[in-house]
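Here are my notes on this model. Please read them alongside the coordinates.

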Amino acid sequence: MDRTKSLSLAALAALMVGGLASCEAIALPRDPYLQKVGPDTATVAFRLSSNCSSAQVRYGVGDISQTARSSATAKIHAVVLTGLTPATTYTYAVDACGEASLPKTFSTAPVPGTRRAHFAAVGDFGTGGSDQKKVAAAMLADKPELFVALGDNAYSSGTEAEFQNNLFTPMAALLSQVPMFAAPGNHEYVTNEAQPYLDNLYLPTNNAEGSERYYSFDWGHVHFVSLDSNCAVGLASASKCTPAAQKAFVEKDLAATTQPWKIVFFHHPPWSSGEHGSQLTMRRQFGPLFEKYGVDLVLTGHDHDYERSKPMLGDAEAGKNEKGIPYLVVGGGGATLRTFANARPSWSVIRDDVAHGFLDVNVVEGTLTAKLVKTDGGILDTFTLSKTLPPPPEQPQGTLNVAVDSASGTAPHTASFTATAPQANATVTWDFGDGATAQGTQAQRVFAQAGTYTVTATATVQGTAPLTSTTVVTVTANGTTDPGTGEDAGTTPSDPAPRPEVPATPTTPGDDSNGGSGCAAGPSAALIPAATALVAGLVRRRRRDR
């Protein structure tokens, strides 16, 4: 054979196999989006075009060599990644029954108490229009650690279709890289008191009712509280949410937090000179609690404009020697802006009804710096809040040792753990890597599904930084259960529920098995022989034509 012909065939073979190895991902109907990201955990939610019992998320630091499998057999999946490292950038991709996503990155939250946080906030964006897309692109370029959504996330009625078309599609790039912590708006309440909102989002459930309508979480040294102002103003039925229960949560939660910065966000503004105006129920029912427990900033939407109040106390401006709270309306996320009908009141520092944009907030040590960033990159407003923080906690001395009596076994597998801390008065908490937690120097866990679980113990002593230590428990299948799905062998996939409960998701470091055709795993075993056979056929044909 002519050498040039031989080289051509070799190049063709390499091109075909290389092309298969880097096959383009088959797009998902809904790109992955991040929910409930914390220091050591993250939820990756996504939608498929058909039921799939082998959906999985590949992830890692710098690569995607670890695997977390979904326990759902459905179109709707929410996969929990556990055992993550705080303040660390991870790469991840979804691989499910022939559909796959391109790799994306996100960062875990820092350890609570870390004296920094960077977030973006805006409301009234869920139109699907060009202004919303510009705001989302500007936020992504700003690289916030989290996105605080102030309501009216999906116009005009918060339906399932509107969440897809007006939230997840136009903001896909942002939501796949920046976790969204949301509050419901009045437009979400149009459809079944915000049920599609609850079906599509996976939010914390740390109130007494176990509801996602209102909750709190820490990011660094900032304590965030998300409220459902629709409930507070009477739009929710008693079976869904009551103002009394929400007030009780706010009081207990704000009283308990030890973080020096406290930020509350919801939809209806207690102070506004826009079209809707001030929501007096929110001001008078919750304002006294915010003041009592030292809330630093309140963020809202509802009016389609931007406005910042002076520090307010009760129904008036705070005095020179009084601590008041600035109330912001950040409603320029994408919906049509509305002109102010009246002159700016004396309590209003600045307002604007011309520019779409978002609030960028950096909190470093005892200084909070915020600026309203317009979609053209200009800065409409900037302000600073300052406070004196106590000295940082002392670094702990010694090592936290963790022992496990049985580090491997067959599901269901029982493992007992013992933590030995250098301080006798340390409080020890456990994260078992499957969504379950416990407290005490000794703990026991039954691992029901196959998988590799990173078990984390954290020892805390008042006034010092926490100590952590991990151990790994490996659980194999018992022969009757698929560790990737939790379904008995041979069962028929059931119809998808509106939203799956977030399951405990086993993670398997280094596992490259692939339930679907997943491009992330490279070419399938069937495709490479096919390419080889085609090249061989071309060789035979050339020999016949010589």
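1. Basis. This is a predicted model: local features need pLDDT of at least 70, side-chain atom pairs count only at pLDDT 80 or more, and totals for chains, interfaces and linings use all residues. Residues are numbered from 1 along each chain as its sequence is written, and side-chain values use heavy atoms, without hydrogens or water.

2. Sheet. Three strands make an open, antiparallel sheet, ordered β1-β2-β5. Its edge strands, β1 (30–35) and β5 (74–81), each pair on one side only. The twist averages 25 degrees from one strand to the next. Strands (E, at least two residues) and helices (H or I, at least four) are DSSP runs, numbered from the N terminus. Pairing requires at least two DSSP bridges.

3. Four bridges join β1 to β2 (residues 42–52) in the antiparallel sense. Gln 35 stands opposite Thr 43 in β2.

4. Pocket lining. Which strand gives the largest share of the lining of the second largest pocket? Strand β8 (residues 104–107) does, with three residues. Among the lining residues are Thr 105, Phe 106 and Ser 107, along with Lys 143 and Glu 145. A pocket is an open set of points on a 1 Å grid over the protein atoms alone, where a 1.4 Å probe fits, with protein on both sides within 12 Å along at least five of seven lines; lining residues have an atom within 4 Å of a point.

Terms used. Axes are lines fitted to C-alpha atoms, for helices over the stretch in contact, and angles run from 0 to 180 degrees between N-to-C directions.
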